[in-house]
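Thanks for coming. Please have the sequence and the coordinates open.

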Amino acid sequence: TSAYSSPAKSLGDPGITPLSPSHIVKDSDADDAVEQLFHVVVAIDFGTTSSGYAYSFTKEPECIHVMRRWEGGDPGVSNQKTPTTILLTPERKFHSFGYAARDFYHDLDPTESKHWLYFEKFKMKLHTTGNLTMETDLTAANGKKVKALEIFAYALQFFKEQALKELSDQGGSDFENTEVRWVITVPAIWKQPAKQFMRQAAYKAGMASPENPEQLIIALEPEAASIYCRKLRLHQMIDLSSRAPVNGYSPSDTIGTGFTQAKEHVRRNRQSRTFLVENVIGEIWSELEEGDRYIVVDSGGGTVDMTVHQIRLPEGHLKELYKATGGPYGSLGVDYEFEKLLCKIFGEDFIEQFKIKRPAAWVDLMIAFESRKRAAAPDRTNPLNITLPFSFIDYYKKFRGHSVEHALRKSNVDFVKWSSQGMLRMSPDAMNALFKPTIDQIVQHLSDVFDKPEVTNVKFLFLVGGFAESPLLQQAVQSAFGSRCRVIIPQDVGLTILKGAVLFGLDPAVIKVRRSPLTYGVGVLNRFVEGKHPPEKLLIKDGTRWCTDVFDKFISADQSVALGETVTRSYTPAKPSQLVIVINIYSSEQDNVSFITESGVKKCGTLRLDLTGTDASVPNRREIKTLMQFGDTEIKAMAIDVATSKSVKVGIDFLNY
């Protein structure tokens with residue numbers, strides 16, 4: 001068996017010229033039988049700030065059902081997703097997820113709540129941890145640590161149970177996990193270890209298993225959005241560029257009205273959670289010709305990542321033109337600026353103490369901020385009021401010996417005043433200033449991408465993800481790039497990725513060509529060549545002169561790779577009795593790497609060939625042929641013992657090495 005048979009492996013694409021003799025595109029009828037029959041595809045959009053799931057039955061792929069309404073909900077925030085928050089009991093057992101976790105935690109008595117473990121916005125940890133392992137910890141609101149793998153597995157298990165329960169209720173009989181193909185979305189800029197971490201967490205949650213890996217597909221967020229955007233009909237989106245520009249700016253009030261009408265339309269259809277994706281290619285697509293390019297910018301809570309796609313007709317397959325890029329520029333940046341503002345007014349020492357001593361009240365304050373954050377708009381003139389929890393006012397007086405009002409008067413923050421109703425009053429300028437650093441980073445990053453030679457002549461820019469609902473971000477993107485391409489926002493922009501992920505699960509082969517984000521290879525010995533190889537790399541073994549640490553490159557950064565295309569290498573055990581071959585995999589952001597000792601080259605994983613159980617009576621010099629695939633959303637490998645043509649067990653590991 002292959003270490004990972006890709007759902008798309010049966011698609012040979014003869015249209016790709018082999019890059020070198022070692023790149024073969026498989027013939028199309030190999031392994032067609034591998035494909036298992038799943039009755040339903042369930043996609044989970046596991047977001048930094050909010051999460052949700054949607055599903056579609058393989059019998060009627062044009063209907064996408066978004067999960068049932070959740071209990072709870074916030075003022076000023078209506079959507080089909082639930083906050084990514086999780087609560088464990090003092091004994092570290094799963095208690096609740098989403099609004100339920102937040103509300104329960106909030107209602108606990110402070111003396112009790114400090115023993116409970118509450119986590120929010122924890123997905124960013126996978127992006128920010130440089131050396132992620134199965135042992136990486138997360139810190140709860142009360143400062144206690146728990147293994148990240150456990151938290152992610154609890155969250156995925158929660159979604160698994162919710163989805164299976166909904167499917168069972170709908171079908172009137174118990175729905176089995178084996179009938180489901182699961183899709184989990186991750187940012188495209190995530191490194192391989194984070195993707196593997198998600199897969200391990202899903203195995204722990206019982207969604208799939210190492211024996212049956214094809215039951216779970218990892219989907220990349222902007223790719224999923226891209227797949228959905230191509231199905232859009234004109235009434236399902238708002239075209240920012242079609243508004244009459246005034247002095248080069250589109251009047252922002254029209255941005256507002258377009259959205260209000262759209263929201264009305266959505267609200268009327270709120271009862272139905274089923275979205276029809278017409279099987280025709282969307283109208284917007286009819287304007288795209290063969291070879292046209294568009295950018296999808298996925299702006300969420302934690303990260304913003306973008307991908308540049310080109311359309312290949314007639315089937316409308318997609319080809320990635322430039323490696324996915326982005327960074328931690330999500331809407332969390334705005335929350336962080338608000339926190340900095342509070343520190344400036346009330347003192348960092350107080351805010352730190354308040355978060356530890358009154359964690360539930362701090363959560364409350366951030367919820368109040370969230371609803372006002374969503375009310376920020378470019379043309380707003382009236383102030384935004386944020387209610388301070390009573391315990392904030394009370395604790396501040398105890399801590400400092402003077403009132404909150406006094407602190408505001410004394411601090412020289414102009415735009416924030418105290419209102420007699422116990423609220424912080426922020427002028428629209430003050431609120432917009434909190435958005436500025438994050439929005440500037442997004443616009444700057446987009447400018448850099450637009451300047452790349454591969455990214456000329458972009459026709460559309462699709463702005464998706466939860467943060468795309470912000471009129472401030474919409475206006476900034478439109479005024480910066482509206483002259484270069486049409487800026488388009490799907491209507492239910494927060495659900496775009498979820499619906500696209502379902503479509504991807506139904507047809508994972510839709511994206512035919514991707515770009516490798518890094519250069520990958522292994523260290524090998526080559527015959528030493530005088531004048532070509534540095535003398536310090538010389539190794540003499542049994543009278544033969546070898547050059548050590550040579551980087552044998554599998555694939556270069558930003559090289560395009562087709563789905564199902566493999567890179568082949570042969571390895572021989574050092575001694576006939578050797579039962580395991582472990583090969584270190586190295587990566588670099590640079591293209592031209594000669595030696596694994598160069599700066600910027602890092603060991604990133606291992607390839608492990610397990611030769612036990614293969615026939616020992618084979619010739620002394622065994623050759624193990626290894627095939628690696630870089631064209632899918634995850635890196636995969638399989639291996640064959642050449643003498644016997646038997647499969648060899650392979651593990652490719654970026655987490656535990």
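In which strand does Asp-653 lie? The answer is β33, residues 646–653. Before going on, the ground rules: this is a predicted model, in which local features need pLDDT of at least 70 and side-chain atom pairs count only at pLDDT 80 or more, while totals for chains, interfaces and linings use all residues. Residues are numbered from 1 along each chain as its sequence is written, and side-chain values use heavy atoms, with hydrogens and water left out. Helices (DSSP runs of H or I, at least four residues) and strands (runs of E, at least two) are numbered from the N terminus.

Back to Asp-653. Its relative accessibility is 17%, so Asp-653 counts as buried. Buried here means under 20% relative accessible area, exposed means over 50%, and partly exposed is in between, with a 1.4 Å probe and protein chains only. With neighbours within four places in sequence left aside, Asp-653 is in contact with Gln-196, Cys-604, Gly-605 and Thr-606, where contact means heavy atoms within 4.5 Å. Lys-636 is 17 residues away from Asp-653 along the chain, and their C-alpha atoms are separated by 9.6 Å.

For contrast, take Ile-540, in strand β25 (residues 538–541). At 54% relative accessibility, Ile-540 counts as exposed. Between Ile-540 and Phe-528 there are 12 residues in sequence and 9.2 Å in space, C-alpha to C-alpha.

Now the overall numbers. The protein has 16 helices and 33 strands. Of its 657 residues, 56% are buried. Among contacts with a separation of 6 or more, 71% are between residues 24 or more positions apart.

Next, the interior. A nonpolar core is a set of buried Ala, Val, Leu, Ile, Met, Phe, Trp, Tyr and Cys residues joined through side-chain atoms within 4.5 Å. The largest one has 149 residues, and those with the most contacts inside it are Phe-119, Phe-152, Ile-295, Phe-338 and Phe-346. Helix α4 (residues 148–171) gives the most to this core, 12 residues. At least three residues of this core come from each of domain 1 (40–220) and domain 2 (332–433), with bounds taken from an automatic or database domain assignment. Apart from this core lies another, of 25 residues, including Val-567, Ile-585, Ala-637 and Phe-654.

What is Phe-152 in contact with, leaving aside its neighbours within four places in sequence? The list is Phe-46, Phe-122, Lys-123, Leu-126, Leu-138, Phe-197, Met-198 and Ala-201.

Helix α9 covers residues 332–346, and at 1.5 Å a residue its 15 residues should span 21 Å; the end C-alpha atoms are 21 Å apart, which agrees. The expected span is 1.5 Å times one less than the number of residues. Buried residues in α9 include Val-334, Asp-335, Phe-338, Leu-342 and Phe-346. Gly-347 follows α9, with a positive phi, near 95 degrees.

For a strand, look at β18, residues 384–387. Strand β18 runs antiparallel to β20 (residues 423–426), joined by 4 bridges; two strands pair if DSSP finds at least two bridges between them. The partner of Asn-385 in β20 is Arg-425.

Last, salt bridges. The rule is a side-chain nitrogen of Lys or Arg within 4 Å of a carboxyl oxygen of Asp or Glu, and it gives a count of 24. One of them joins Asp-45 and Lys-81, with the closest N and O atoms 3.1 Å apart. Asp-45 sits in strand β2 (residues 40–45) and Lys-81 in the loop between β4 (63–66) and β5 (82–83), 36 residues apart. Are these two buried or exposed? Both Asp-45 and Lys-81 are buried.

Asp-394 and Lys-398 also form a salt bridge, at 3.1 Å, N to O. Both lie in helix α12 (residues 390–400), 4 residues apart, about one turn of the helix. Asp-394 is partly exposed at 28% relative accessibility, and Lys-398 is exposed at 60%. Salt bridges that share partners also join Lys-121, Asp-335, Glu-370, Lys-373, Arg-374 and Glu-469 into one network.
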